[in-house]
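Let's take a walk through this structure together, one region after another. Please keep the sequence and the 3D view open as you read.

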Amino acid sequence: ATPRLLLDAGKRGAIGSPSVSYDGQHVYVALAAADDDFFHIYRVPVAGGPPKQLTRGAFHDIDPAELPDGRIVFTSTRIGSFEEYHQPPSRSLFVMHADGSEIQPLTFTPIGDNEPKVMADGRIAFSSNGSVYGEPELFPTPETCPLPLQTSLYGASKLASEGLLSAYCHGFGFQGYVFRFVSILGERYTH
């Protein structure tokens, strides 16, 4: 089969984060059009035709993935906060209906929750980090370590995000997984 061009961002635009709908009829992408400073989620029909813009606004919306019930989970800067260390916009997970309506946050974090992936059985996996462990007394810190009293707003917000995701999954019949990445630089890394 000859490849077909479904969407062209133009010379000054950019496309990323492609994912295919469960029925194979659409590809979801993050597109920053040539005349827009922000990435937005688009649904592109595989059979051809114009793409439909699903998100709008002064936010970066990326990493779309369709849920089994047809809604879309995605990463966005629309949470409105900025990262603690270097001040780029924070990223959290959101969900919306297939037509782009009813956008709701799934997580709240002052740094970044990224790359939601929907597993075959509907579970959501995404990348987070290990700040929930605070200042543990045990190194290396296993996942089974009791969580210490949080003295960091960032660590507390990560725990809250995981709690919100848990409640959402329970309420809508999904199972979520969080990957808590920690520094690969080891014990001497200070930030």
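**A guided tour**

Glutamate 102 sits in the loop between β7 and β8 (104-105); helices (H or I, at least four residues) and strands (E, at least two) are DSSP runs, numbered from the N terminus. Before we go on, please note that this is a predicted model, in which local features need pLDDT of at least 70 and side-chain atom pairs count only at pLDDT 80 or more, while totals for chains, interfaces and linings use all residues. Residues are numbered from 1 along each chain as its sequence is written, and side-chain values use heavy atoms, with hydrogens and water left out.

Back to our starting point. Glutamate 102 has a positive phi of about 55 degrees, although it is not a glycine. Is this residue buried or exposed? Glutamate 102 is exposed, with a relative accessible area of 52%; buried means under 20% relative accessible area, exposed over 50%, and partly exposed in between (1.4 Å probe, protein chains only). Glutamate 115 is another non-glycine residue with a positive phi, of about 50 degrees. Glutamate 115 belongs to strand β9 and is partly exposed, with a relative accessible area of 46%.

Now turn to the sheet. Strands of a sheet pair through backbone hydrogen bonds, either parallel or antiparallel. Here, 4 strands form an open sheet in the order β1-β2-β3-β4, with antiparallel pairing; two strands count as paired if DSSP finds at least two bridges between them. β1 and β4 stand at the edges with a single partner strand each, so one side of each has no neighbour in the sheet.

Let's follow β3 through this sheet. Strand β2 (residues 26-32) is joined to β3 by 6 bridges, and the two run antiparallel. Along this pairing, valine 29 stands opposite tyrosine 42 in β3, and histidine 26 has proline 45 of β3 as its bridge partner. Strand β4 (residues 52-53) pairs with β3 in the antiparallel sense over 2 bridges, with arginine 43 opposite lysine 52 in β4. β3 and β4 form a hairpin with 6 residues between them, and glycine 48 in the turn has a positive phi of about 105 degrees.

How many residues of strand β3 (residues 40-45) are buried? The count is 6 of its 6 residues. Both faces are covered, with His40, Tyr42 and Val44 buried on one side and Ile41, Arg43 and Pro45 buried on the other. Take valine 44, which lies in strand β3 and is buried, with a relative accessible area of 3%. Not counting residues up to four places away in sequence, valine 44 touches Leu6, Leu7, Gln25, His26, Val27, Val29 and Pro51, where contact means heavy atoms within 4.5 Å. The C-alpha atoms of valine 44 and proline 18 are separated by 10.0 Å, and these residues are 26 apart along the chain.

Arginine 78 is buried, with a relative accessible area of 18%. Its side chain makes a polar contact with the side chain of aspartate 61 (2.7 Å). Such a contact is a pair of N or O atoms within 3.5 Å; within protein, one must be able to donate a hydrogen and the other to accept it, and residues adjacent in sequence count only if both atoms are side-chain atoms. Leaving aside neighbours within four places in sequence, arginine 78 is in contact with Thr55, Arg56, Phe59, Asp61, Phe94 and Ile103.

On a 1 Å grid over the protein atoms alone, a pocket is an open set of points with protein on both sides within 12 Å along at least five of seven lines, a cavity is a set where a 1.4 Å probe fits but cannot get out, and lining residues have an atom within 4 Å of a point. Grid points are joined across faces, edges and corners, and a volume is the space filled by probe spheres set on the points. The largest cavity has a volume of about 30 Å³, and α1 gives the most to its lining, with 3 residues.
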